[in-house]
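Reader: I am new to this structure and would like a close look at a single part of it. Please take the aromatic residues and what surrounds them.

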Amino acid sequence: MISSASQAQILNHGRRVLLAAAVCVPLLWMGGPLLRLITATALIVLAPGYLLERLLPAPRLPLLMRSALWVALSLSVVVLLYEAAWLTEFRLSTPILMAFGVFVASGAFVAAWIDLQPRYPSESPPLQNGTIWLAFGVVCLMSVSLRFTQIEGLALPPWVDSVHHALLVRISAEQGGLPIDLRPYMPIGELTYHWGFHVVAAALMQLSGVDLGNTLLWSGQLLNALHAPLAGALALLLHRKPVAALGTALSVGLLSYFPAYYLSWGRYTQLTGLLLVPALAIVWQTGLERSHWRWWVAAALLLAGLLLIHVRVLLFVLTLLAVQTVFWALRRNPTELKRAAIGICGAGMGAAILGAPWVLLLARRIVPTAVAQPENFVASNDYAAISTALLWAGDGRWLSALALLAAGWGIWRRQVGASMPVIWVGILLFFAQPALISYVLPALGAVVLIRGVETRHWPFMIAGIALLLLNPLTLDLPPTWLISGDSVVISLFLPLSVALGGGLADLSTVLRRRGGRIAMLSLPLIAVGAIALGAWGAQRQQRIVNPGTIIATAADLKAIEWGTRQYAARRTLPDQRRT
């Protein structure tokens, strides 16, 4: 017989919650299309990454950072699985995906049961910053609710991009593979378009049985809502304070116009790619600090996954990783630098090998065009222009102003976490407008020249003169088709929100240093204020969809269904006459 004490040790609170969740899964699956899709999303977007993240070396990261790895690793595993199936001509049919879902669900349950092993003594330490984490959870739930409020009344995803995405998702589901061969729908045999989001959506549609339109709408909004906690994980990495995570999640989920407005465009591919940015920054920073090969393997998986999901976002995140590496390397000895260099090279080579089949296909299609018509790869100034309408959309003016003030205050206090987002934004703007560098180089050259004259250092003087010559009159860098100004602007919500989160963390530090009643009430006041501000922002963003981008209504959907039935009836009529 098992004693009551032993039973309490086996079935602790965490394991009871896990068992309750396992019992609820079948009920959720039978609870309707939306609940089935949510359950399928948990299987595809959380479980595989959770199993992989457990293989990373101890000590484990904070739970919020780990959850960012779960999402990013899961997305990478799914897209790499589809790439492998494409190479081997293996069809990922619905039964196979069902088996995969059962496998990862069972594995995740067993792994969670082990992770929830009772500790001794049984009393767990009190949760630090519990009020802040409670507010963080409320803000994230409000973000999910807002995302689904924003699609009320929509019959199908808005705008023409969604039509293209729907075709690729349909082909992926029907073929059980990559949406590269679009025949018989379109006369295209090799489509060179990033397909990561489409295979994820196809897998969700096959698992849940939800129709194509609702799969795009609901899965897109679920992925959109995930940006709030994942951006909070990036803020926690850079600022090391839970208040920063709260402020960042508040901005991304309830205040910033982006990524919520992605819905109006059906911009699901870039939305999915940006979900991997926080996890890559976390894995990269941890790999630099802990110097363990498993972290670089995880970085290779994420880089390869992002390569298949969105190449442009991959370029964006590489700049952030470069900034992280430079800041880390400034105070390291040669031995540590050598280890980091080996890890970085290994991660790059691993990502290149994993993504090589897709890259070779792109090269086979793009390189001949680039050689024959190189002018097609130079974009117009309009394509690379920074749209102020997008930059200041919604409450963008005051959010950007607050983010700059917060970043400036952090830089004044010599905080690395405040400097990184600012430098990252600067590099992203250079991506959109390469000509801006011709204005920066002369200023840098003047500083170098003055330094060379003061120290009578001839190399400095020569370098300064050379940089002065690289000015707008002599250097005109044209924009490229790969980076558009709009793609940069609508991605700035991530670094700006992280800067805002850092500013809120600095404010909480100042309040607590004052002592007395203000210090005692600072965290509860910040938590309540964040929730109240989030409710205000959610109320303002309920109707964020641009009516001009809605090209199909419920009446149109009924007409399409009627037309489909009529067409099917006419096709069967000649056969009936012959009979």
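**The aromatic cluster and its surroundings**

Tyrosine 262 and phenylalanine 493 are both buried, where buried means under 20% relative accessible area, exposed over 50% and partly exposed in between, with a 1.4 Å probe and protein chains only. The model is a predicted one, in which local features need pLDDT of at least 70, side-chain atom pairs count only at pLDDT 80 or more, and totals for chains, interfaces and linings use all residues. Residues are numbered from 1 along each chain as its sequence is written, and side-chain values use heavy atoms, with hydrogens and water left out.

Tyr262 and Phe493 belong to one aromatic cluster, together with Tyr257, Phe258, Tyr261 and Trp265. The structure holds 16 aromatic pairs; rings of Phe, Tyr and Trp (its six-membered ring) pair if their centres lie within 6.5 Å, and planes under 30 degrees apart count as stacked, over 60 as edge-to-face and the rest as tilted. The rings of Tyr257 and Phe258 have centres 5.9 Å apart and planes at 90°, so this pair is edge-to-face. Tyr257 is partly exposed, at a relative accessible area of 25%, whereas Phe258 is buried, at 5%. For Tyr262 and Phe493 the ring centres are 6.4 Å apart and the planes are at 90°, so that pair is also edge-to-face. Tyr262 lies in helix H12 (residues 262-265) and Phe493 in helix H25 (residues 493-513), so the pair ties together parts that are 231 residues apart in sequence. Helices here are DSSP runs (H or I) of at least four residues, numbered from the N terminus.

Not counting residues up to four places away in sequence, Phe258 touches Val252, Trp265, Leu390, Ala393, Ile490 and Phe493, a contact being heavy atoms within 4.5 Å. Phe258 is also among the residues with the most contacts inside the largest nonpolar core, along with Leu69 and Tyr82. That core has 142 residues; a nonpolar core is a set of buried Ala, Val, Leu, Ile, Met, Phe, Trp, Tyr and Cys residues joined through side-chain atoms within 4.5 Å. Helix H10 (residues 212-239) gives the largest share of this core, 15 residues.

Helix H11 covers residues 242-255. All 14 of its 14 residues are buried. At 1.5 Å a residue, H11 should span 20 Å, and its end C-alpha atoms are 19 Å apart, which agrees; the expected span is 1.5 Å times one less than the number of residues.

Key
Helix = DSSP H or I, 4+ residues; strand = E, 2+ residues; numbered from the N terminus.
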